[in-house]
Amino acid sequence: MRPRHLRRALAAAATTLAVLCAGQTLAAPQAAAAPVPALGREVRASTASEVHTAQDAAARAIAGALADPGWRARVRQAALASDEVAVTALADGALRTALAAADRRIAAAKGLAPDVGPLLRLRLGDPSMRAALTAGTEPWVAAATSDDGPVTAYDGKGRTHTLDARKAPARPVYVVDIDGSRALAAGLDVLHEELARRGVRSAGPASEPEQARSRAAAAGLWTTRITAVSLSDDQEPWIKGDAEIYTLVTGFGHDGKVRVDPVDMPYLDNDGTVYRPQQILVNWSSYKYDLADAVMMEEDGSTNYRDLAKAIAAVLLTVTDQGAYTPLVNALLDAIPDDWWTDDPDYVDSWYTLARTDSGTRYGARGNGWMTLEPYFVQEL
């Protein structure tokens with residue numbers, strides 16, 4: 001799920017909202033961030049190209065291997081039994097070697113460690129294809145695309161077939177995609193580490209001692225908890241799988257410097273669905289003010305987490321504490337390279353000036369999502 005938008009209109013609306021929020025809360029002056037060169041389009045294009053090339057090569061190799069009746073039966077059984085198949089582990093011989101190489105290539109392109117584990121997954125393109133696959137219809141194989149253009153599928157003889165991305169074909173199609181949950185979990189670790197290395201404080205696995213000290217000092221801590229959340233319908237094509245959503249919570253730390261705390265939201269798979277996660281979004285013990293911002297993003301096949309951290313740090317390090325809270329959504333959005341706003345954006349929605357006392361439903365500035373929030377005190381054991 002990758003919601004579409006027009007950046008120019010969003011930026012104007014976001015700026016207006018930021019000014020209103022600042023005026024209605026603490027009348028804080030807007031911090032001016034010095035112009036910082038964005039990452040070039042070629043960096044993003046290179047990541048997207050590397051990932052799709054690796055997926056496409058894997059799709060062609062899997063399709064060719066389907067000429068083997070034994071392999072074809074194993075894949076069919078696995079695809080009918082599970083929503084996602086760890087296809088590298090299922091394969092053997094030369095095919096497994098080829099898929100393992102594609103896994104490593106994808107990890108490198110996304111800025112992930114080589115030991116992240118197999119990222120390739122295989123799934124049936126649409127539930128409507130199950131009957132034909134069960135009946136023994138020969139499946140084709142396609143790589144998940146990052147746009148809405150025609151889909152290229154391969155058959156067992158190496159021939160290509162062009163499919164409509166908006167209409168699922170009657171013939172069963174295996175889609176070769178990335179394990180978004182694994183990629184996102186590893187990516188958020190990279191994001192946390194890179195932000196910290198570049199001077200932006202960020203909560204992550206390594207920051208637990210800091211959180212423990214905060215709990216001990218206060219005999220507990222105040223948080224904001226999500227009791228319900230939903231995103232709007234975006235009419236995604238059949239070739240694309242579930243969303244992998246995360247949120248970047250931003251505010252000023254106790255040292256007066258901007259901090260970014262990534263929050264994984266692995267349950268938020270589908271649009272038009274209300275989820276009730278009871279998940280902590282903001283740990284207020286980490287912040288100087290009782291206000292913070294949240295920018296919701298989606299893990300994308302072409303996201304390079306080291307590049308994302310570099311871009312965020314380059315802009316946010318120029319924002320200084322003016323003695324009163326300043327909304328940081330605009331600065332964070334400005335940090336995202338321009339070409340991330342076209343074709344396949346990662347940005348979902350944003351929430352300005354979340355307060356520690358907020359209780360009730362808050363709609364995103366873009367109007368693509370809403371969250372119901374409540375103050376929640378975490379008592380020390």
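Two strands count as paired if DSSP finds at least two bridges between them, and the strands themselves, of at least two residues (E), are DSSP runs numbered from the N terminus, as are the helices (H or I, at least four residues). The views below show a predicted model, in which local features need pLDDT of at least 70 and side-chain atom pairs count only at pLDDT 80 or more, while totals for chains, interfaces and linings use all residues. Residues are numbered from 1 along each chain as its sequence is written, and side-chain values use heavy atoms, with hydrogens and water left out.

View 1. Strand E7 (residues 245-252) runs antiparallel to E8 and is joined to it by eight bridges, and Val263 in E8 is the bridge partner of Thr247.

**View 2. The open sheet E9-E6-E13-E12.** This open sheet is formed by four strands in the order E9-E6-E13-E12, and the pairing is antiparallel. E9 and strand E12 (360-363) are the edge strands, each pairing on one side only, and the twist averages 40 degrees from one strand to the next. Four bridges join E12 to strand E13 (residues 369-379), the two running antiparallel, with Tyr363 standing opposite Trp370 in E13.

View 3. Six of the six residues of strand E5 (residues 173-178) are buried, so the strand is largely enclosed by the rest of the structure; buried means under 20% relative accessible area, exposed over 50% and partly exposed in between (1.4 Å probe, protein chains only). Val173, Val175 and Asp177 lie on one covered side of E5, and Tyr174, Val176 and Ile178 lie on the other. Strand E1 (residues 120-124) pairs with E5 in the antiparallel sense over five bridges, and Leu120 stands opposite Ile178. Strand E2 (residues 140-143), in turn, pairs with E5 in the parallel sense over four bridges, and Ala142 stands opposite Val175.

**View 4. The hairpin of E3 and E4.** Strands E3 and E4 form a hairpin with five residues between them, and Gly158 in the turn has a positive phi of about 85 degrees. Four bridges join strand E3 (residues 151-154) to E4, which run antiparallel, and Tyr154 stands opposite Thr160 in E4. Strand E4 (residues 160-163) has His161 and Leu163 on its covered face, whereas Thr160 and Thr162 are on the uncovered one.

**View 5. Nonpolar cores.** A nonpolar core is a set of buried Ala, Val, Leu, Ile, Met, Phe, Trp, Tyr and Cys residues joined through side-chain atoms within 4.5 Å. The largest has 81 residues, of which Ile62, Leu112, Tyr174 and Ile312 touch the most other members. Leaving aside residues up to four places away in sequence, Ile62 touches Trp71, Val87, Leu95, Leu99, Leu122, Val141 and Val176. Apart from this core lies another, of 23 residues, with Ile245, Tyr267, Leu281 and Leu373 among them.

**View 6. Aromatic pairs.** A search of the whole structure finds six aromatic pairs; rings of Phe, Tyr and Trp (its six-membered ring) pair if their centres lie within 6.5 Å, and planes under 30 degrees apart count as stacked, over 60 as edge-to-face and the rest as tilted. The rings of Tyr267 and Tyr275 are tilted, because their planes are at 55 degrees, with centres 6.0 Å apart, and both residues are buried. The rings of Tyr289 and Tyr325 have centres 6.2 Å apart and planes at 75 degrees, so this pair is edge-to-face. The pair links distant parts of the chain, 36 residues apart: Tyr289 is in the loop between strand E9 (279-283) and strand E10 (291-298), and Tyr325 is in the loop between helix H9 (305-316) and helix H10 (329-335). Ring pairs link Phe252, Tyr289 and Tyr325 into a cluster.

Conventions. Contact means heavy atoms within 4.5 Å. Axes are lines fitted to C-alpha atoms, for helices over the stretch in contact, and angles run from 0 to 180 degrees between N-to-C directions.
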